[in-house]
Protein chains: 2
Amino acid sequence: MTEAGPGPLIWVNGERQSVSDRHVSARDRGFMLADGVFETMRVHRGVVFRLDRHLSRLTTGLVTLGIPAPASLGAWVLAALRSFDGPDASIRMTVTRGIGPSGVAPPDHTRPTVVVMLSSMPVFPPAVYSDGLSAHVAAGRRNEHATTAGLKTLAYTDAVVALLEAQRTGANEALFLDTQSHCSEASSSNLFVWIGGALVTPPTSCAALPGITRAAVLEIARQLGMRSEERVMTLDELFAADEAFLTSSLRGVAPLVKVDGRTIGAGAPGEVTKRLAREYTDLVTRECGG
Amino acid sequence: MTEAGPGPLIWVNGERQSVSDRHVSARDRGFMLADGVFETMRVHRGVVFRLDRHLSRLTTGLVTLGIPAPASLGAWVLAALRSFDGPDASIRMTVTRGIGPSGVAPPDHTRPTVVVMLSSMPVFPPAVYSDGLSAHVAAGRRNEHATTAGLKTLAYTDAVVALLEAQRTGANEALFLDTQSHCSEASSSNLFVWIGGALVTPPTSCAALPGITRAAVLEIARQLGMRSEERVMTLDELFAADEAFLTSSLRGVAPLVKVDGRTIGAGAPGEVTKRLAREYTDLVTRECGG
């Protein structure tokens, strides 16, 4: 994806910053130790899609990390939105434990660092939706045995490495298995397959993030009367699926048509995928007051 | 541990910074995605202990992450040392992919960010060495199936969470098993046991970092004619060990006398541990020209 327009707007602890500035201390534990969590949210017509759910997931992460949740998280997002008069946008909110001494042990008292970054909506190539994505199964595995599994912590190193590995094989995306060889998720999106007349997505016990878009798609499927299951899924089931797609806040519902060089279903975006993509777009429009 | 004296000295890409400044962009991928690696090095009498090995491990990490290694890494450490006229110190070098757009995919061209931080040597309570440490076995597991296993990436979130969990149980340290329940390492140090007349440490295939101090201790053991083994080790073996200790660049050789409330060996620093600790101190002194 590419970012259109000028650089993002950036706030640190509620204060507006210049994009060219340096914004955080090199002693910030977010920078030193990935000691923090973040959310990437979609803005449509000036409204964040399901802000409450993003903040709730962020707060769950902060609790596990023992970082006191700053009171003004929601207010800071809304303040950022007031500076915004464009079409769609994305907002990333990062909360770290703040500045601390070297070493893994957190200090007794810290003041969390909150960064809000508002960017124009990334532009995905139209082929993502019309032709679908290809994925490479990453050599590394997701760790379903981590205490932070299912949290959106800053520790995205493995996702970056997997995506680079995928790109070297000519694929668009990296797909992770967990340590028991079950399907988990893609580098920063959830996996769905349509197989045997049911919509299946790996459970969070396979280290899949409880995605906001994932939840919305499951909700839509239920409303449409589709059978849907969160359950353990093997790579062979993915290969045997009629359709597959990936979900994330910014890219939405993106068809997945090839994995490790093998065609999924007809090798083109399927009818169920296209239907869910349309319904999801409608849901965003509806909830954001469009 | 506590840090004595004034704040650290900080350089960003070779430029000296004020400690109170903000030093890096919130768009730095080190801050956003833990997209980088680091080293923590011990300085004795103005000399970094085994700087070449730290830089070599750092470079291995950069290669896996596909980050071009800046040419001046060694020179920047040496420049930092010239500003230093105290006794022992620690140096942390962090290298990230640099500023990039949002999203996991790295941009084609980035300029890595290099932060060098020189701090006074942390002061560990004397009881760490005289009485020994207690450890709690972390609920979360280390992932030996990650492509980044064995690299010192910025993704220390799990270590922070495990250490907090340990502190809540009253223990000083967190000990990780890997996903197959083999002993791996502590939150930021390697594990050794003395059992059946041999020194045993988990192999890097159990997601143990190839520690610089770990390598030095194995070297010393060989020189002393001790039998030493890098091999898979269970928690039961740790409980049955005659002695145990943890190694890291700053804390050196630290006795481990209790794990999950169970006493290891005599429950006090053992003779082998004390001998290796002395020999390690001598090695550092000798190699740093003291």
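Contact means heavy atoms within 4.5 Å. The model is predicted: local features need pLDDT of at least 70, side-chain atom pairs count only at pLDDT 80 or more, and totals for chains, interfaces and linings use all residues. Residues are numbered from 1 along each chain as its sequence is written, chains are lettered from A in the order in which they are written, and side-chain values use heavy atoms, with hydrogens and water left out.

**View 1. Chain A meets chain B.** In this interface, 63 residues of chain A are in contact with 63 residues of chain B. In chain A, the residues that lose the most area to chain B are A:Arg22, A:Phe31 and A:Val104. Together they make up 15% of what that side buries. Between them, the two chains bury about 5000 Å². Carbon and sulfur atoms hold 63% of that area. (Buried area is the accessible area, taken with a 1.4 Å probe, that two parts lose on being put together, summed over both.) How many salt bridges cross the interface of chain A and chain B? The rule finds zero. (A salt bridge is a side-chain nitrogen of Lys or Arg within 4 Å of a carboxyl oxygen of Asp or Glu.)

**View 2. The largest cavity.** The volume here is about 780 Å³. (A cavity is a set of points, on a 1 Å grid over the protein atoms alone, where a 1.4 Å probe fits but cannot get out; lining residues have an atom within 4 Å of a point.) The lining has 35 residues. Nearest the centre lie A:Ala155, A:Asp158, B:Asn143, B:Ala155 and B:Asp158. Helix H5 (157-168) of chain A and helix H5 (157-168) of chain B each supply at least two lining residues. (Helices are DSSP runs, H or I, of at least four residues, numbered from the N terminus.) By class, the lining has 17 nonpolar, 10 polar and eight charged residues.

**View 3. The second largest cavity.** This cavity holds about 50 Å³ of space. Its lining includes A:Arg141, A:Phe176 and B:Thr147. H5(A) gives the largest share, three residues.

Technical notes:
1 Å grid on protein atoms, 1.4 Å probe; cavity = no way out; pocket = protein on both sides within 12 Å on 5 of 7 lines; lining within 4 Å. Points joined across faces, edges and corners; volume = space filled by probe spheres on them. Nonpolar A, V, L, I, M, F, W, Y, C, P; charged D, E, K, R; others polar.
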